[in-house]
Amino acid sequence: MYFQGNSTGAFEDDCATLPTNIIAGLVGFFDKEHGLDLPSPWNSTESRSHLANSSILIIGGGSNCGRFATQLANLAGLGTIVVVGGKKEELRRYGATHVVDRHGGDDAVLQRVRDIVGDDLVYAFDAVNLPAGQHLAINALSNSKQGTLARLVWSRGAVEESKLHPKQAGYVLKDTLGSSHYKPEIAIPFWKHIAGYLVENKIQPLAHVVEQGLDAAKVNEVLDRYRDGKAVTQTHFHL
Ligand SMILES: NC(=O)c1ccc[n+]([C@@H]2O[C@H](COP(=O)([O-])OP(=O)(O)OC[C@H]3O[C@@H](n4cnc5c(N)ncnc54)[C@H](OP(=O)(O)O)[C@@H]3O)[C@@H](O)[C@H]2O)c1
């Protein structure tokens with residue numbers, strides 16, 4: 001079996017883009033304890049039809065976790081998928097219905113999101129921000145209905161309460177830990193379905209580059225780019 005991903009790499013390298021970044025979204029979306037508790041795409045006993053009329057906000061469309069989260073939102077059947085940041089054309093290919101510029105300040109970005117979802121948003125997923133930046137997603141959640149934010153970064157600092165807008169119905173924060181071993185009840189059925197999802201193009205591997213051999217200087221260069229917050233294409237070192 002072979003599928004054509006969006007990279008020029010081999011099958012194994014395409015597959016290596018999946019863990020752990022897609023598992024972060026998987027737990028963040030489909031787990032009750034650590035995520036948004038959305039009905040899973042592979043469970044035919046759960047009703048998912050209401051999702052077609054629901055919206056989700058994904059912060060960090062330029063990140064690998066955000067790219068996979070966009071694909072998982074599409075797989076789950078959410079009708080409106082609003083992604084903040086990232087490349088419009090690529091994210092549309094993954095199922096985003098709206099891609100919002102992440103620049104210009106929190107107020108401007110929030111307004112762009114609310115212009116799309118109004119006061120109806122109950123599902124949000126932040127793939128990139130530290131807690132100090134998570135007020136953007138929380139403020140995008142509905143004031144009148146209780147919404148939930150699942151976040152990937154939760155161990156460094158706290159949400160800035162002073163920046164939160166009123167939430168009459170409150171909101172829920174879920175701390176996501178994307179590990180197949182930690183959440184086998186979600187991960188096992190997902191991994192059983194993954195070959196089909198790839199062949200049907202429902203999940204697309206992410207772009208990556210391959211380096212032959214262990215070039216320590218090259219490894220350090222990639223790690224330095226992560227450290228410095230610069231854009232990095234996932235790099236696979238073939239030893
Ligand atoms: N909890 C878990 O289980 C779990 C699992 C995996 C990863 N993580 C964490 O999740 C985070 C994302 O990981 P990743 O590997 O997906 O990151 P990544 O691919 O390195 O993403 C970095 C990109 O995110 C975008 N970005 C940065 N700040 C942003 C902001 N304020 N708003 C919107 N987009 C922003 C930028 O892209 P553009 O400039 O193109 O917009 C940046 O190049 C990391 O902190 C990682 O440690 C957690």
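This is a predicted model: local features need pLDDT of at least 70, side-chain atom pairs count only at pLDDT 80 or more; totals for chains, interfaces and linings use all residues.
Student: How are the strands of a sheet held to one another?

Tutor: Strands of a sheet pair through backbone hydrogen bonds, either parallel or antiparallel. Here six strands make an open sheet with parallel pairing, in the order β3-β2-β1-β4-β5-β6.

Student: Which strands stand at the edges?

Tutor: β3 (98-100) and β6 (171-175) do; each has a single partner strand, so one side of each lacks a neighbour in the sheet. On average, neighbouring strands of this sheet are turned by 15 degrees against each other, direction ignored.

Student: How many bridges join β1 and β2?

Tutor: Five bridges, in the parallel sense, join β1 (residues 55-59) to β2 (residues 80-84). L57 has V82 in β2 as its bridge partner.

Student: Which strands does helix α5 touch?

Tutor: Helix α5 (residues 106-117) packs on the sheet against β1, β2 and β3, and its direction makes about 175 degrees with that of β2. Helix α2 lies across β1, β4 (123-126) and β5 (147-151), at about 155 degrees to β4.

Student: How do I read the packing of two helices?

Tutor: Two packed helices are described by the angle between their axes and the distance between the axes. For α2 (residues 21-30) and α7 (residues 184-199), the angle is about 120 degrees and the axes are 10 Å apart. The two helices are therefore oblique to each other. The crossing of α2 past α7 is right-handed.

Student: Which residues of α2 and α7 meet?

Tutor: I22, I23, L26 and F30 of α2 meet I186, A187, F190 and W191 of α7. By class, this contact has eight nonpolar residues, no polar and no charged ones.

Methods. Residues are numbered from 1 along each chain as its sequence is written. Side-chain values use heavy atoms; hydrogens and water are left out. Axes are lines fitted to C-alpha atoms, for helices over the stretch in contact, and angles run from 0 to 180 degrees between N-to-C directions. Helices (H or I, at least four residues) and strands (E, at least two) are DSSP runs, numbered from the N terminus. Angles under 35 degrees count as roughly parallel, over 145 as roughly antiparallel, 65 to 115 as roughly perpendicular and the rest as oblique. A crossing is left-handed if the near helix is turned anticlockwise from the far one by less than a right angle, and right-handed if clockwise. Contact means heavy atoms within 4.5 Å. Ala, Val, Leu, Ile, Met, Phe, Trp, Tyr, Cys and Pro count as nonpolar, Asp, Glu, Lys and Arg as charged, and the others, Gly among them, as polar. Two strands pair if DSSP finds at least two bridges between them.
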